[in-house]
Amino acid sequence: MRSIGTRTRSRNGTAQSGPFVSAPPSRLFRPTWAEVDLHALHRNLRRFKGLMPSGTKLMFVVKGDAYGHGAVPVARWVQERRGADWLGVSSVEEGVALREAGVRLPILVLGSLYPFETFLAGVQYQLTPTVASQSGVQGLAEVARRVGARVKCHLKLDTGMGRIGMGWPSGLEVARAINPANGLELEGLYTHLSCAESDPAFTRLQLKRFMAALGDLSREGIRVRYRHAANSAAALKVPASRLDLVRPGIAIYGLARGFEPVMTLRTRLVYLKTVKPGTPIGYGRTFRTKKAARIATIPIGYADGVPRRLSNRGHVLIRGRKCPIAGVVSMDMTTIDVTAVPQAHAGDEVVLIGASGRERVGFDDWAKWSDTISYEVVTRLGHRVPRVYR
Ligand SMILES: Cc1ncc(COP(=O)(O)O)c(C=O)c1O
């Protein structure tokens with residue numbers, strides 16, 4: 001595909017396109033693509049790290065295919081740039097994919113606790129498992145016997161999330177069992193905060209419980225190298241949560257205030273027509289033109305992750321103007337009312353996520369329009385949309 005326009009750099013260093021167009025990947029038959037600005041991601045990592053105390057390590061959370069950004073290219077880039085000390089994934093599969101792609105950074109598997117046989121593959125791929133039960137510890141001890149080597153693990157405590165994690169003091173028994181006699185080493189103790197963004201009092205309570213558990217361990221002479229609790233919101237807002245290591249995800253992808261957006265999503269107008277007043281548009285005829293209108297079609301739909309809830313609610317950007325989604329988002333196509341942009345023609349770039357002129361649409365807008373959170377919309381961006389790395 002021909003690329004149109006020039007790439008420029010904005011004052012804050014963000015890669016930007018010429019006025020309203022940019023260069024899609026060269027071999028693209030359907031002109032729909034997501035751009036991932038790895039430089040912006042790296043700046044976000046540097047900025048985040050700069051806000052933490054100097055000794056605090058950073059575990060960059062790349063689960064969910066790096067929140068839809070592509071775990072392998074993102075993790076490789078971070079490794080090359082020494083942008084993080086650790087990576088966090090949700091499953092052994094996610095960790096194995098990174099190892100097979102040459103990622104050597106320490107990787108903590110945040111989930112995937114059962115069945116315990118998965119520990120074997122995890123350990124063989126030098127992934128650090130999470131344990132959160134006595135039977136998990138026994139399963140891991142068995143793996144340590146089989147591989148004939150000391151296995152490090154992190155013990156997870158539930159301090160108020162109600163998801164995986166040991167309560168206390170039952171967790172103390174489990175911590176005691178993680179010892180060299182069982183071929184194990186307790187490298188980390190961690191917890192997850194359920195409302196760091198919204199409830200400082202409950203966050204403080206969770207941290208208090210966590211610190212009390214650490215106090216008990218210390219009285220027993222059990223020391224852990226990494227005590228960690230903070231996701232992006234906690235690390236940014238609650239200094240007491242930073243401890244030895246922080247685990248940001250969302251902020252590094254630029255989906256928190258103060259950080260640069262990393263992903264843009266673009267397509268092109270592929271079809272336009274002028275219709276009469278009263279013309280129904282799309283499935284279910286949920287939109288009807290009030291006057292003569294220009295209706296354009298773009299080749300992207302809910303199979304690509306565009307929430308169907310954006311139907312008759314969201315907008316896209318064309319030539320720096322907001323253009324409303326008219327009718328329901330269908331599986332592979334979406335219809336746009338471009339009446340307000342008379343110059344619009346087939347081939348014009350359409351920004352679904354990103355900036356055009358003075359306007360911007362973010363994943364937070366998609367989340368608002370579809371009554372969910374930006375985590376959900378960004379991780380749902382479909383595999384059918386090629387990611388292009390800058
Ligand atoms: C255990 C754990 N730590 C850290 C994170 C990163 O959270 P955030 O993306 O809010 O920074 C997550 C994400 O859900 C998580 O599950």
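**Exercise 1.** By class, which residues make up the shell around the ligand?

*Solution.* Begin with the neighbours: the ligand is surrounded by Val61, Leu110, His192, Asn231, Ser232, Ala233, Arg247, Pro248, Gly249, Ile250 and Ala251. Next, sort them: Ala, Val, Leu, Ile, Met, Phe, Trp, Tyr, Cys and Pro count as nonpolar, Asp, Glu, Lys and Arg as charged, and the others, Gly among them, as polar. The shell then has 6 nonpolar, 4 polar and 1 charged residues.

Two notes before you go on. Residues are numbered from 1 along each chain as its sequence is written. The model is predicted: local features need pLDDT of at least 70, side-chain atom pairs count only at pLDDT 80 or more, and totals for chains, interfaces and linings use all residues.

**Exercise 2.** Find the buried residues of helix 3 (residues 71-80) and work out where they sit around the axis.

*Solution.* First, the term: a residue is buried if 20 or more other C-beta atoms lie within 10 Å of its own, exposed if 12 or fewer, and partly exposed in between, with C-beta atoms placed from the backbone. Helices (H or I, at least four residues) and strands (E, at least two) are DSSP runs, numbered from the N terminus. In helix 3, Ala71, Val74, Ala75 and Val78 are buried. They cover an arc of only 95° around the axis, so they are on the same side of helix 3. The arc is that of the directions from the helix axis to the C-beta atoms. As a general rule, an α-helix has 3.6 residues a turn, so residues three or four places apart point the same way. Finally, look at the cover, which includes helix 1 (38-51), strand 4 (57-61) and helix 4 (92-100).

**Exercise 3.** Which faces of strand 13 are covered, and with which strands does strand 13 pair?

*Solution.* Start with the count: 6 of the 6 residues of strand 13 (residues 263-268) are buried. Met263, Leu265 and Thr267 lie on one side, with Thr264, Arg266 and Arg268 on the other, so both faces are covered. Now the pairing, for which DSSP must find at least two bridges between two strands. Strand 3 (residues 33-36) pairs with strand 13 in the antiparallel sense over 4 bridges, and glutamate 35 stands opposite threonine 264. Strand 21 (residues 349-356) also pairs with strand 13 in the antiparallel sense over 4 bridges; there, glutamate 349 is the bridge partner of arginine 268.

Key: Contact = placed C-beta atoms within 7 Å. Near = placed C-beta within 6 Å.
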